[in-house]
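My notes are below the view.

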Amino acid sequence: MSTSQEYIELFREKESILEKDSPSFMREIRQDAMHEFSLTGLPDRKSELYKYTSLQKIFEPKYSIQFQPSKVDFRVEDIFTCDVPNLRTRLEIILNGFYFGQGSMLTRLDNGILIGSLAEALRLHPDLVKEHFARYAHSRSDGLVALNTAFAQDGLFIYVPRGQTLKEPVQVVHLPMTGLDTLLHYRNLFILEENTSAEVIVCDHTLSPFRFLTNSVTEIYAGPSARFSYSRVQNEHLNSNLLTNLFINQERDSQVKTNTITLHGGTIRNNTHVLLNAPGAGSEVYGLSLSDRNQHIDNFVNIDHASPNCTSNQLFKCILDEQATGAFNGRILVRPDAQKTVAFQTNNNILMSDEAKMNSKPQLEIYADDVKCSHGATTGQLDENALFYMQSRGIPRHEARMLMLYAFAHEVIEKVDVVPLKERINDLVDKRLRGELSRCNNCSMACGNLSLPK
Amino acid sequence: MLSIKDLRVAIGGKEILFGINLEVKAGEVHAIMGPNGSGKSTLALALAGRDLIDVIHGSVKYMGENLLEMDPEERAKKGIFLGFQYPVEIPGVSMVNFMKTAVNEQRIYQGKEPLSAGDFLKYMREKKELVEFDSQLTNRSVNEGFSGGEKKKNEIFQMALLEPKLAILDETDSGLDIDALKIVAKGVNAMKNKDKATIVITHYQRLLDYIVPDQVHVLFQGRIVKSSGRELALELEEKGYDWIKAEANGHTP
């Protein structure tokens, strides 16, 4: 039986558990998703979208799937702090794909903002969720999205009502922490109504040394004039594979910025889809990844300019060492009506070894005639002349390399608005470049000997 | 201080220098002149330790030690400075960070405490005045967007910060207007003392009006074909290189 077939069977078997406590519209959405999945299955290498990342390979091992929240006998936030000094955040934890609530599962702030479990939001505010859920992430577009839509039970839900501002950034820590190889699906939904602003920082970590495969979907609705900033730090161990699917829908004059810093992990594939749905919307999509050993990082970006007068700016940088492989695929689609589009894309990569490999594929499809678009990609090694120049001033070669790599990475880090977070990322990138983040037994985190959840 | 004996080097299998002999003593200024393509820059880069340059024969002693065995950074820390003919732009690496790292590497090597950020900035300000270096430039990335003259002045500024024992200036004068030339010369002269030596590589006698050499050498086709006092530079200015070429090829003019 093929891997895809196994998931179809599993779905049939577990459907009643998945449906439990969900509003009825979810049943239809899940079934549609499974139907789509049964038609296409997991995308294979023949699929243009997954040409450089073999999903077959990472889905090959046997994973268990957890259908209920983990029970832990400790406070996760006590043993695990993913702290950013000098930054007050509202910490939210997603443990093994489920919202980890300390008391309330869905908090209503004074100004009407809701933050908490998506499953709980589905129960308490089904109409609000229904308006946006699975509206931006289409199961038809990608087997991974279909699989997530069928299986995901929980995740983070944020709702910012019209005119409101989320004062403290929300920091979401996604933690796989089980005692066996596990496939995780979680689903986030962030709804920002008109004239709102919010900031979310996502940290992907692992706390136990098993093999993990996370397939997440995050949907973001940015209403008219909404401002949203979404930063991610991906730092997992080598046996942890991460597939993220981010869908951003932007309305008139909204501004959304995403910044993905990939420090460590096994195979990581980040799909970012931005729909600029109304005039004046602006999108910034940035990414920095540092890979070595046999890590694989693939960033896929699709910006859909569906309306006039929108702007988008992509900057992705990648440093690959040893046998690491990477890919960048950036698509800009300018639809016929999207006049006065301004769209830029840059991808720069540094290969530190002869074995490291990078595939870069810019893709511009322009159907309007009054637009300003550019793209550029470079892949190369560190400039030997510059290295020698620094050595000739007494700077040791390894330090010179560090200065140059750091300078290379800096351009992306600079895009992070929150100063304390920027400093923290600076620090992490510096440590990563010096090899200090990945010392503990093939693991990037200092796990210690934690008792595993049941 | 520096003793080069029968140095032969090649780049990519092609021999460029065919046996260089040169003695530089502390306190001296040597000028190396010669037509384009004669191997002047190759000699400078070989002394600084560029790995593209293969030493195939000969020896170089610096302060009694075998220079050729040292990494470029070790040479620098021991007091050798190369002023580049074509200074390299390093986007993203700030001048301050670059030179602070360099100065502190040297201080650590000499057993001194590294300078704090504040002390380094103070030190940098002093040196900036010495070489009349535009204070805005230190806020930028190394050489990025600098004009030709600014790049050359930056070399002298870096030299002033590192206070080398042996400075090798590779055509630091080319592309400079007369005012900038005077500033460069002033920087070099300010550092001159009995413990230090300078090798000035130049095409033109002009710089030697300001930096007075003890000896002038003419490098031609990978060999030093003539060495003399500073009057040689004047003669070259007047007559060009043709007579040297003819002499070197065994003809009398």
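The entries go from conventions to chain B, then to chain A.

**Conventions.** I am working with a predicted model, where local features need pLDDT of at least 70, side-chain atom pairs count only at pLDDT 80 or more, and totals for chains, interfaces and linings use all residues. Residues are numbered from 1 along each chain as its sequence is written, chains are lettered from A and ligands numbered from 1 in the order written, and side-chain values use heavy atoms, without hydrogens and water.

**Chain B, overall.** I counted 8 helices and 12 strands in chain B. Both are DSSP runs numbered from the N terminus: helices are H or I of at least four residues, strands are E of at least two. The radius of gyration of chain B is 18 Å, close to the 18 Å of the globule rule for 253 residues, so chain B is as compact as a globular protein of that length. The radius is taken over C-alpha atoms, and the rule is 2.2 Å times the number of residues to the power 0.38. I find 53% of the 253 residues buried (under 20% relative accessible area; exposed is over 50%, partly exposed in between; 1.4 Å probe, protein chains only). Of the contacts in chain B between residues at least 6 apart in sequence, 69% join residues at least 24 apart. Contact means heavy atoms within 4.5 Å.

**Chain B, a helix pair.** I looked at H3(B) (residues 95-109) and H4(B) (residues 117-130): their axes come within 11 Å and cross at roughly 100°. That makes H3(B) roughly perpendicular to H4(B) (65 to 115 degrees). H3(B) brings Val96(B), Met99(B), Lys100(B) and Val103(B) to the contact, and H4(B) brings Ala117(B), Phe120(B), Leu121(B), Tyr123(B) and Met124(B).

**Chain A, helix H2.** I checked the length of H2(A), residues 24-40. Its 17 residues should span 24 Å at 1.5 Å a residue, and the end C-alpha atoms are 25 Å apart, which agrees. The expected span is 1.5 Å times one less than the number of residues. The buried residues of H2(A) include Phe25(A), Ile29(A), Arg30(A) and Glu36(A). Among their cover I noted H1, H5, H6 and H7 of chain A. Just after H2(A), Gly41(A) takes a positive phi of about 70°.

**Chain A, positive phi elsewhere.** Ala134(A), not a glycine, has phi near 60°. I place Ala134(A) in the loop between H6 and H7. Arg293(A) has a positive phi of about 45°. Arg293(A) lies in the loop between S15 (282-291) and S16 (296-305). At 22% relative accessibility, Arg293(A) counts as partly exposed.

Terms used: Axes are lines fitted to C-alpha atoms, for helices over the stretch in contact, and angles run from 0 to 180 degrees between N-to-C directions. Angles under 35 degrees count as roughly parallel, over 145 as roughly antiparallel, 65 to 115 as roughly perpendicular and the rest as oblique.
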